[in-house]
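Dear colleague,

I am passing on to you the structure shown below. My notes on what was found in it follow, and I would be grateful if you could read them alongside the sequence.

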Amino acid sequence: MSTSLDDALLRRLALHYKLATEDQLQGARQHQEATGNDLGSALMALGVLSPQRLAQLEAARSEVQKRQGAPPSGPPPTAPVATPAQISVLTAENPRSAVPVPSPVSPASAPGHPEAIPTAPPAPLPALEPAVANTSPAKPMSAPAPVPAPIPTQTPTPAKTTPPPAEPRSVPRLERILSFGLSQGASDIHFHSGAPIRYRRHGRMIEAEGQSADPKMAAAAIAEILSPTESEILERTGQVDLAYNAPGLGRFRTNVYRQARGTDAVFRVIPPEPPTLESLGMPASLAKLADYHQGLVLVTGPAGCGKSATLAALVHQINASRRDHIITIEDPIEIIHPSLSCVVNQRQVGNHTQSFARALRAALREDPDVIAIGELRDLETISLAITAAETGHLVLATLHTSSAIRTINRILGVFPPNQQEQIRTMLSESLRAVISQRLVARADGTGRVPALEILIATKAVGNLIRENKTFQLKSVLQTGSTHGMFLLDYSLAELVKSGVITKEEGLRHAEDPAKFMLPPPPVMPGEGPR
């Protein structure tokens with residue numbers, strides 16, 4: 001069988017076993033065209049399949065090819081029909097959804113056509129070994145659909161199965177809840193046991209009238225979207241992070257956790273395409289950060305302020321304008337970056353590597369030009385990020401701090417006192433910029449707009465960091481407008497003066513409410529906030 005036929009068979013099997021969606025397969029096909037890899041390698045590079053699951057899927061493909069047996073010029077192969085026991089095992093191993101009963105041969109394709117492969121499973125995929133010992137294995141939440149007895153291969157009409165009556169639900173289907181949240185423009189969808197469904201829109205929580213989640217039904221609905229490995233992690237640790245691809249709806253960054261009333265889940269909406277700096281309302285001057293070939297660029301701010309979107313926009317800017325190798329390390333993978341001018345490899349902590357630090361240490365041997373880190377969480381990751389920036393890589397990362405000055409102090413403060421002098425020197429030489437941002441509600445109620453504080457690492461900034469005089473950085477931010485620097489309060493004041501936000505909203509986010517309306521120093525064209 002040719003490579004194209006191999007890929008067609010692998011595609012059908014991935015869809016049949018519900019290991020990939022049509023959108024993911026389309027993205028993998030684009031990745032193939034850009035890299036020349038086969039479909040399996042593309043799915044693994046995009047984080048859709050783990051190496052273990054890909055090996056099992058290829059084994060299933062080999063089994064189908066072996067059962068087909070006859071060469072293309074001979075009589076058409078007889079399609080194998082799955083037994084009830086096989087489908088029962090497969091359903092138990094992949095409880096994301098029940099496996100439908102397939103026809104013996106795909107009715108859309110004639111035998112011999114590249115897509116003419118048996119739609120019944122050749123054999124159940126073997127269960128993946130969990131990453132750690134599973135003290136309480138995940139169980140399927142519903143029994144598999146009844147399967148009729150196999151029909152003799154000479155019978156032209158496939159068997160018909162009457163689906164069982166739908167089990168009554170006390171809460172809407174999870175997909176319906178997510179769909180409604182998307183229609184309302186929600187950024188986050190809260191699915192809480194024993195409480196009404198809530199949505200976050202423009203930063204404010206909104207309760208959905210008449211929608212509540214019974215604890216038992218909520219646990220059952222959430223369990224349907226978890227893989228066996230994710231179920232095991234939830235059972236063992238009480239929470240799990242994942243990226244959920246809702247059929248026909250899109251991609252969601254999801255956190256599932258247990259609490260006093262039952263099992264909850266929070267879904268963050270992920271845009272289908274990487275954002276641009278312009279679409280996020282960022283200053284055009286930030287595009288210059290994508291021109292650096294070495295150094296450290298930090299995107300900071302409180303939770304929910306759009307750090308991940310800004311980081312993704314910078315990665316997209318590099319991906320579209322340079323010819324480099326980009327490695328992203330995320331938990332979980334959020335926005336999918338297809339390889340454009342650059343080769344982009346995205347790694348997920350937990351699925352593809354054990355930790356941020358381990359992936360970052362390995363990345364130094366994987367010939368990257370740009371490394372994007374989802375979050376600097378601990379001393380080891382911060383240390384490795386600074387080292388990577390010093391050794392000729394451009395490192396982009398996010399950090400949970402509320403201002404540029406606090407970001408510098410936070411990085412220095414995680415190191416023991418006997419290392420801080422060395423780290424101050426390293427950071428003063430490798431730092432390129434700090435973007436600290438907030439999302440502020442618009443005056444007209446139509447959304448939120450970013451308010452920024454930008455620190456550019458000039459020689460003066462580097463000297464202050466090296467000499468442990470970070471308290472003087474505020475004066476540099478006040479007078480550094482010619483380099484594109486400004487304080488958060490100046491950005492808020494500009495937004496208030498232009499009528500984009502209200503004065504009350506500006507005061508609520510200001511670092512120094514008593515002074516934030518003072519006129520800022522003159523800003524060079526294209527360098528200041530919008």
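**Findings**

Of the 530 residues in the chain, 46% count as buried. Please bear in mind that this is a predicted model. The secondary structure of the chain consists of 17 helices and 13 strands. Among contacts between residues at least 6 apart in sequence, 61% join residues at least 24 apart.

I begin with a pair of strands. Strand β4 covers residues 239–246, and its side chains alternate between two faces. Val240, Leu242, Tyr244 and Ala246 point to one face and are buried. The partner of β4 is strand β5 (residues 250–259), with which β4 pairs in the antiparallel sense over 8 bridges. As one point of reference in this pairing, Ala243 has Arg253 of β5 as its bridge partner. The hairpin of β4 and β5 has 3 residues between the strands, and Gly248 in this hairpin takes a positive phi near 75 degrees.

I turn next to the helices. Two packed helices are described by the angle between their axes and the distance between the axes. Helix α13 (residues 417–430) may be followed through two such pairs, with α12 and with α11.

Helix α12 comprises residues 404–413, and its axis comes within 9 Å of that of α13, the two crossing at roughly 135 degrees. Because of this angle, α12 is oblique to α13. The crossing of these two helices is right-handed. On the α12 side, the contact is made by Ile408, Ile411, Leu412 and Gly413; on the α13 side, by Gln420, Ile423, Arg424 and Leu427. By class, the residues of this contact are 5 nonpolar, 2 polar and 1 charged.

Helix α11 comprises residues 379–390. The axes of α11 and α13 come within 9 Å and cross at roughly 50 degrees, and the two helices are therefore oblique to each other. Here the crossing is left-handed. Ile386, Thr387, Ala389 and Glu390 of α11 meet Ile423, Met426, Leu427, Glu429 and Ser430 of α13. This contact of α11 with α13 has 5 nonpolar, 2 polar and 2 charged residues.

With kind regards

Technical notes: Residues are numbered from 1 along each chain as its sequence is written. This is a predicted model: local features need pLDDT of at least 70, side-chain atom pairs count only at pLDDT 80 or more; totals for chains, interfaces and linings use all residues. Side-chain values use heavy atoms; hydrogens and water are left out. Buried means under 20% relative accessible area, exposed over 50%, partly exposed in between (1.4 Å probe, protein chains only). Helices (H or I, at least four residues) and strands (E, at least two) are DSSP runs, numbered from the N terminus. Two strands pair if DSSP finds at least two bridges between them. Axes are lines fitted to C-alpha atoms, for helices over the stretch in contact, and angles run from 0 to 180 degrees between N-to-C directions. Angles under 35 degrees count as roughly parallel, over 145 as roughly antiparallel, 65 to 115 as roughly perpendicular and the rest as oblique. A crossing is left-handed if the near helix is turned anticlockwise from the far one by less than a right angle, and right-handed if clockwise. Contact means heavy atoms within 4.5 Å. Ala, Val, Leu, Ile, Met, Phe, Trp, Tyr, Cys and Pro count as nonpolar, Asp, Glu, Lys and Arg as charged, and the others, Gly among them, as polar.
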